[in-house]
Amino acid sequence: MKERILVIEDNPQVADSLCYILGKEGYQVTACFDGLSALNRMEHEDYDLIITDLLVPFVSGIKLIRHIRLSKPVLPIFVISSVIEDKVIEHIRLLGVYDFLQKPFNARDLCADIKKRLLVA
């Protein structure tokens, strides 16, 4: 069975690129363009890994991570963002997220990191 990945990204071009790249790698990928629709999706569907931007409409990436950690404390989460402030990175690490990629990201590195994380999960 294919691993399911939820991409939460408000930029349609980035979301489409992620869906295309990860789909070619054999993953089943769903995209949401805001935090509220992502929360609704997660209530009805299970995912093996989450990729989120920090700056998404309605519900921020940080709030999404907090919500996910309450119900699925070990679910792998990747943050892809242009925000690179040390205090923000430290904050998401305190929430148990250690996979952070800065935009623009290298697709090959992302795929390799996802494969490693899913093997451990």
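Trainee: Which residues does Ile50 touch, leaving out those up to four places away in sequence?

Mentor: In this predicted model, Ile50 touches Leu6, Ile8, Met42, Ile68, Leu75, Pro76, Ile77 and Phe78. Ile50 itself lies in strand S3.

Trainee: What makes Ile50 count as buried?

Mentor: Its relative accessible area is 1%. Buried means under 20%, so Ile50 qualifies.

Trainee: How far apart are Ile50 and Leu6, in sequence and in space?

Mentor: They are 44 residues apart in sequence, but their C-alpha atoms are 4.9 Å apart.

Trainee: Met42 was among the residues touched by Ile50. Which residues of helix H2 are buried?

Mentor: In H2, residues 35-44, they are Gly35, Ala38, Leu39 and Met42.

Trainee: Why are these buried residues said to line one face of the helix?

Mentor: Looking down the axis of H2, they fall within an arc of 100 degrees, so they line one face. On the other side of H2, Glu43 and His44 are exposed.

Trainee: What do the buried residues of H2 pack against?

Mentor: Their partners are strands S1 (4-8), S2 (28-32) and S3 (49-52), together with helix H3 (61-71).

Trainee: Why is H2 called roughly parallel to H3?

Mentor: The two axes come within 10 Å and cross at roughly 15 degrees. Angles under 35 degrees count as roughly parallel, so H2 is roughly parallel to H3. The contact is made by Gly35, Ala38, Leu39 and Met42 of H2 and by Leu64, His67 and Ile68 of H3.

Trainee: What is the handedness of the crossing where H2 passes H3?

Mentor: The crossing is right-handed.

Trainee: How do you know that Asp34 caps the N-terminal end of H2?

Mentor: A side-chain oxygen of Asp34 lies 3.0 Å from the backbone nitrogen of Leu36. The limit for a polar contact is 3.5 Å between N or O atoms, and the Asp34 pair is at 3.0 Å.

Trainee: Turning to Asp99, where is this residue found, and is it buried or exposed?

Mentor: Asp99 is found in strand S5, residues 99-102. Its relative accessible area is 14%. With the cut-off for buried at under 20%, Asp99 is therefore buried.

Trainee: What makes the side chains of Asp99 and Arg117 a polar contact?

Mentor: They approach to 2.7 Å, and the cut-off is within 3.5 Å. Not counting residues up to four places away in sequence, Asp99 touches Ile77, Phe78, Val79 and Arg117. Ile77 and Phe78 are also among the residues that Ile50 touches.

Terms used. Residues numbered from 1 in each chain as written. Predicted model: local features only at pLDDT ≥ 70, side-chain atom pairs only at ≥ 80, totals over all residues. Heavy atoms only, no water. Buried < 20%, exposed > 50% of the residue type's maximum accessible area, 1.4 Å probe, protein only. Helix = DSSP H or I, 4+ residues; strand = E, 2+ residues; numbered from the N terminus. Arc of directions from axis to C-beta. Contact = heavy atoms within 4.5 Å. Polar contact = N/O pair within 3.5 Å; in protein donor to acceptor, adjacent residues only side chain to side chain. Axes fitted to C-alpha atoms, helices over the stretch in contact; angles between N-to-C directions. Parallel < 35°, antiparallel > 145°, perpendicular 65-115°, else oblique. Left-handed = near helix turned anticlockwise from the far one by under 90°.
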